[in-house]
Structures are given as structure tokens and as C-alpha cells.
Amino acid sequence: MHTTIVAAVPQVSQSDWYELLAARDSSARDLKHYNDTVLLPLEDELERTSPRPDLCFVIEAMSGQVTRYPVPANDLHRWDNHWSPLVRRKAKEVREAWLAYRAVCDRLGWDAACAESERLCTIQCDFERELVIKPAPDLAALLWKLEHLFGAGAREDHEFCDSWCPEFVNALMVDARRLLTAIDAPLLSWAAQAGLQQPQANVG
């Protein structure tokens with residue numbers, strides 16, 4: 001007696017995935033709106049009023065040797081007791097420039113604006129991660145994942161692809177095998193001959 005065993009196809013909710021995509025798109029609009037109306041104007045004002053100074057200075061010796069002296073933001077008085085008056089003077093100039101820059105940052109609320117932009121960006125990234133991991137319900141969703149990971153928004157035409165984590169790559173391959181073999185029997189036959197197993201997708 002011949003028995004045909006048909007592999008179970010995981011049930012994927014189309015509405016759940018596209019509701020998640022809509023939430024992601026909304027978060028992307030929120031981030032863009034905030035950056036366009038708040039963060040970028042503040043950045044322009046900061047650059048116009050007090051450009052960020054370099055936290056270092058250089059001194060060239062008579063021999064031509066150039067030495068670079070860092071002035072960390074958390075250690076602005078590092079060179080106060082240096083034996084060289086020139087080093088002390090240069091360090092003071094950097095310190096005063098940095099403090100003036102930070103005063104403008106505080107006046108403009110720059111740190112808070114950056115924190116809010118980062119918060120909105122994290123929300124968008126969390127949605128995108130979930131969209132990649134969540135099984136794609138159809139080919140359009142699979143295409144979205146491919147565009148997100150490898151498309152024009154992810155890299156320039158002349159650039160190599162990023163090395164994505166196994167979690168993303170595995171989820172993408174599960175989708176591709178499930179969706180493509182479902183519409184093309186030769187692909188299913190080739191996959192079987194190649195010994196490619198259909199991994200179980202985590203349906204969430």
C-alpha cells in the first residue's frame with residue numbers, strides 16, 4: 001500500500017503581519033516627522049551657533065614632530081598641571097570651547113531631542129525586527145523582507161550586503177522555501193533532491 005505524506009504547511013496570519021507592517025510604517029513617519037521638525041532644525045542651529053569642537057589639540061616641536069593631546073569631555077582638566085605653558089594654554093582653549101558648546105546644547109535642549117529621536121528610532125527598529133522574524137504570509141511580505149535587508153534602502157548599489165544575524169537569515173529562508181515551493185512544484189522536487197528540509201517556522 002502506497003501512502004503519500006504531505007508536509008504540514010504552517011498557518012500564517014496575513015492580517016497580523018500587515019497590521020504589524022502598518023504599525024512599523026506609522027513609527028517611521030513619527031520618526032521622520034520628529035527629525036524633520038525638531039532634531040534637524042536644532043542641529044542646524046547648533047552648527048550655526050556653536051559647532052562641535054575637537055576634543056584635542058596638536059603641538060609641533062621645533063624638530064617637526066607633531067604630538068596630539070586628547071582632552072576628554074569627562075577629564076577637561078587633564079593638562080592643568082603640565083610643565084609646558086603652551087600645553088596648558090592649548091588645553092584651556094579646548095576646554096573653554098567645549099564648555100561653550102555644551103552651554104548652547106543645554107540652551108537648545110539638544111540632548112533631550114537626541115534622546116527622543118533615539119527612542120522613536122528604537123520603536124521603528126523593534127517593529128522591523130519583528131517583521132523579519134515573523135513568518136511572511138505571502139510573496140509580497142517576502143519581497144518586503146528582501147528589500148529591507150538587501151534592497152536600495154539597505155545599501156548603495158556598489159556596496160556589499162551587510163552580514164545579517166542567523167535569526168534574520170534563517171527566518172528569511174524559511175519563508176522563501178515555504179512560499180516559493182508552494183507555487184512551483186519543480187522547486188519542491190529540487191529541494192527534496194538536494195536534501196533541503198523544510199524547517200518549522202515559529203508562528204507568532
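How many residues does α5 have, and how far does α5 reach from its first C-alpha to its last? I found that α5 has 18 residues and reaches 26 Å, close to the 26 Å expected at 1.5 Å a residue. The expected span is 1.5 Å times one less than the number of residues in the helix.

**Entry 1: the model.** I noted that this is a predicted model, in which local features need pLDDT of at least 70 and side-chain atom pairs count only at pLDDT 80 or more, while totals for chains, interfaces and linings use all residues. Residues are numbered from 1 along each chain as its sequence is written, and side-chain values use heavy atoms, with hydrogens and water left out.

**Entry 2: the chain as a whole.** I looked up the secondary structure and found 6 helices and 2 strands. Helices (H or I, at least four residues) and strands (E, at least two) are DSSP runs, numbered from the N terminus. From that end, the order of the elements is α-β-β-α-α-α-α-α. Of the 204 residues, 30% are buried; buried means under 20% relative accessible area, exposed over 50%, and partly exposed in between (1.4 Å probe, protein chains only). I also looked up contacts, defined as heavy atoms within 4.5 Å. Among contacts with a separation of 6 or more, 62% come from residues 24 or more positions apart.

Entry 3: C56 has P70 in β2 as its bridge partner. The hairpin has 5 residues between the strands, and G64 takes a positive phi near 100°.

**Entry 4: helix α2.** I checked the length of α2 (residues 85–108): its 24 residues should span 34 Å at 1.5 Å a residue, and its end C-alpha atoms are 35 Å apart, which agrees. Its buried residues include V87, A91, V94, W98 and L108. The buried residues of α2 pack against α1 (14–49), β1 (56–60), β2 (66–70) and α3 (110–133). After α2 comes G109, with a positive phi near 75°.

**Entry 5: the cores.** Which residues have the most contacts inside the largest nonpolar core? I found L46, F57, W79 and W110, in a core of 22 residues. α1, β1, α2 and α3 each supply at least two residues of this core, and α2 gives the most, with 8 residues. A nonpolar core is a set of buried Ala, Val, Leu, Ile, Met, Phe, Trp, Tyr and Cys residues joined through side-chain atoms within 4.5 Å. Leaving aside residues up to four places away in sequence, W79 touches F57, Y69, P70, V71, V87, R88 and A91.

Entry 6: Is R178 buried or exposed? I found R178 in α5 (residues 166–183), and R178 is buried, with a relative accessible area of 11%. The side chains of R178 and D175 are joined by a polar contact of 2.6 Å. A polar contact is a pair of N or O atoms within 3.5 Å; within protein, one must be able to donate a hydrogen and the other to accept it, and residues adjacent in sequence count only if both atoms are side-chain atoms. D175 is also buried, as are F168, A171 and L172, among others in α5. In the loop between α4 (139–150) and α5 I located G151, which is buried with a relative accessible area of 10%.

Methods. Two strands pair if DSSP finds at least two bridges between them.
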